[in-house]
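I open this entry to record what I looked up in the model. The sequence and structure come first, then my notes.

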Amino acid sequence: MLAFVIRRVLQSVAVMLAVAMIAFVMFRFVGDPINQMVGVDTPQEEVARLRASLGLNDPAPVQFGRFIWNALHFEFGTSYQFRLPVTQLLAERAPATLELAFTAAGFALLVGVIMGVYCALRRDSVLAQVFQAVSLVGVSLPTFLIGILLIYLFAVILGWLPSNGRGDVVALGGWWTTGFLTKSGLRALILPAITLGLFQMTLIMRLVRSEMMEVMRTDYIKFAKARGLTTRAIHFGHALKNTLIPVITIAGLQLGSIIAFAIITETVFNWPGMGLLFLKAVQNVDIPIMAAYLMLIGLLFVMINLLVDLAYGFVDPRLRVAMRA
Amino acid sequence: MAANNAPGLVARILDSDVYASFRSTKIVMVAAFIVLLMFIGALFAPWLAPFNPFDPATVFLADASIPPRWQDGGDPRFIFGTDDQGRDLYSAILYGLRVSLIVGGLGVLLAAAIGITLGLLAGYIGGKVDSIIMRVADVQLTFPAILIALLIDGVVHALFKGSSREDTAIPVLVISIGLSFWVQYARTIRGSTMVEKNKDYVHAARLVGLTAPVIMVRHVLPNVIGPVLVILTINLGLAIITEATLSFLGVGLPATQPSLGTLISIGNKYLFSGDWWIVTFPGATLAIIVLAVNLLGDWLRDALNPKLR
């Protein structure tokens with residue numbers, strides 16, 4: 001088991017190094033780190049001196065080492081557009097993205113499971129057919145179109161919900177801002193969270209539906225029925241419980257995608273998060289922000305995959321044997 | 001000669017299982033019809049469109065934001081109304097569809113070309129080459145395609161700093177899509193190449209003294225290329241969505257050369273002023289073509305899968 005954990009951790013470190021390599025190449029060779037420090041009229045000697053003092057004439061591996069060292073200390077240089085440290089820019093916007101992503105994931109999980117269970121238990125009802133049709137549309141429509149549709153319906157025609165920004169936010173402990181504590185913050189969260197979570201919701205719904213239908217056919221459900229347990233106890237105590245293990249795995253793996261896809265949702269709703277910052281960086285070729293965001297998302301994906309794999313290793317004894325072989 | 005006795009290509013298609021399955025599925029026929037219609041619309045846009053939205057001489061600001069023909073204030077010249085600059089929306093959609101299909105199609109073809117090449121190399125050569133290519137594929141697969149496309153878009157624009165977005169938009173988008181979607185082809189081709197390379201005909205070709213590139217391209221490739229068609233169709237829908245998303249996000253095609261995504265992003269700005277048609281018609285076109293292509297892809301996957309017959 002220990003060998004499996006060590007090997008898996010080493011693999012993750014290797015992937016992270018590869019991502020860091022790409023980020024470094026972008027940072028150092030596609031962009032020019034001294035770009036934002038010099039003006040048009042800076043004399044050539046001054047530029048050369050700056051280059052030398054920053055170590056940009058050192059061999060590439062040395063510079064790569066320094067890049068990693070800085071990244072470990074959350075140093076990603078200065079944004080070309082804002083002339084502020086990239087870390088500070090990202091940290092300011094992280095709460096907005098994380099709150100949106102977790103709300104969307106919660107919505108996807110809750111509604112997806114309820115709809116999936118309903119579709120599995122009342123397979124032929126009209127509502128189940130409607131849910132199925134909705135899920136087909138949710139998979140086919142691009143995220144931004146769903147966002148526009150929701151804005152048009154709930155913000156323009158009905159005027160119920162805001163479509164722009166985060167509403168009022170409250171500062172917590174000096175480094176976190178939350179929209180959960182104000183009425184306008186909560187209202188502003190509804191439409192973006194639904195837009196972002198819709199794809200995952202349909203995914204979870206389909207998964208729960210098929211898993212649950214499979215579980216309902218197993219012997220232990222028949223046995224539970226024979227024992228005379230109530231339908232409710234069978235459905236929710238036995239069937240749903242066994243359905244949820246793969247569902248939670250998928251939901252966990254999807255959390256990374258939700259944070260990455262927040263780029264689109266944040267643009268549609270003008271949500272002041274990291275995704276919007278990244279998009280502005282792409283539009284304005286702000287390489288340091290792009291490199292830092294890549295590292296951040298890379299770390300997130302690698303960590304999630306690692307945790308899921310390790311959790312599986314602990315939970316499923318068959319996998320442990322397979323790993324040893 | 002066997003070739004002379006064989007029925008003609010058309011007769012063989014009409015007699016095939018795939019065609020029978022096609023005929024028996026109504027919704028697929030509808031989807032195919034829609035896709036065909038949209039391809040024709042895109043192909044013949046210059047002749048079908050009453051206006052040329054790229055020609056500033058025919059576009060007048062006085063015609064801006066006219067509602068569709070059947071609404072109050074509509075103009076009989078503009079079926080679906082006009083956008084904020086006075087362009088006929090119907091013409092803009094036809095031209096936009098053309099751009100979307102060209103970018104999506106070329107992007108998917110580039111992805112297939114990269115994926116097939118790398119998959120063949122990985123599968124045929126094996127060893128270090130294989131593990132490097134497949135590790136890169138694994139790493140890339142953990143990231144969503146849209147994120148990779150955005151990154152590539154930013155990097156390519158940084159490399160071509162001198163030129164404006166208008167000149168580089170289409171090549172950059174095609175490269176972004178191509179580099180985002182190659183993994184699936186590479187994995188498929190690699191798998192079947194590893195099976196094929198141990199078969200007798202490959203050994204025979206090697207004995208005759210053919211070089212590895214010739215064996216790969218002339219002998220292995222024709223035997224492994226089958227599944228690529230299915231992936232191409234399924235990926236076309238994804239590629240169209242990716243292009244539209246990038247254009248919507250403002251890193252794709254500019255407003256002077258609009259694709260469906262650009263038109264939607266323009267329309268999005270006028271949603272609150274009540275000009276619903278600017279976003280609705282391009283949006284509906286995008287949704288319909290993606291849905292139709294996806295249905296066609298799903299059907300093709302099932303129809304060509306002998307296990308499901």
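How many residues does helix α4 of chain B have, and what distance does the helix reach from its first C-alpha to its last? I find that helix α4 (residues 26-43) of chain B has 18 residues and reaches 26 Å, close to the 26 Å expected. The expected span is 1.5 Å times one less than the number of residues. Helices are DSSP runs of H or I with at least four residues, numbered from the N terminus.

I note the conventions: this is a predicted model, in which local features need pLDDT of at least 70 and side-chain atom pairs count only at pLDDT 80 or more, while totals for chains, interfaces and linings use all residues. Residues are numbered from 1 along each chain as its sequence is written, and chains are lettered from A and ligands numbered from 1 in the order in which they are written.

Next, I looked up burial (buried: 20 or more other C-beta atoms within 10 Å of the residue's own, C-beta atoms being placed from the backbone; exposed: 12 or fewer; partly exposed: in between). The buried residues of α4(B) are V28(B), A31(B), M38(B) and A42(B). They cover an arc of only 90° around the axis, so they lie on the same side of α4(B); the arc is taken over the directions from the helix axis to the C-beta atoms. On the face turned away from that buried side I find the exposed residues K26(B), V30(B), F33(B), L36(B) and I40(B).

I then checked confidence (pLDDT, the predictor's confidence in each residue, from 0 to 100). Chain B has a mean pLDDT of 79, and the model scores ipTM 0.76 and pTM 0.79.

Methods
Helices (H or I, at least four residues) and strands (E, at least two) are DSSP runs, numbered from the N terminus.
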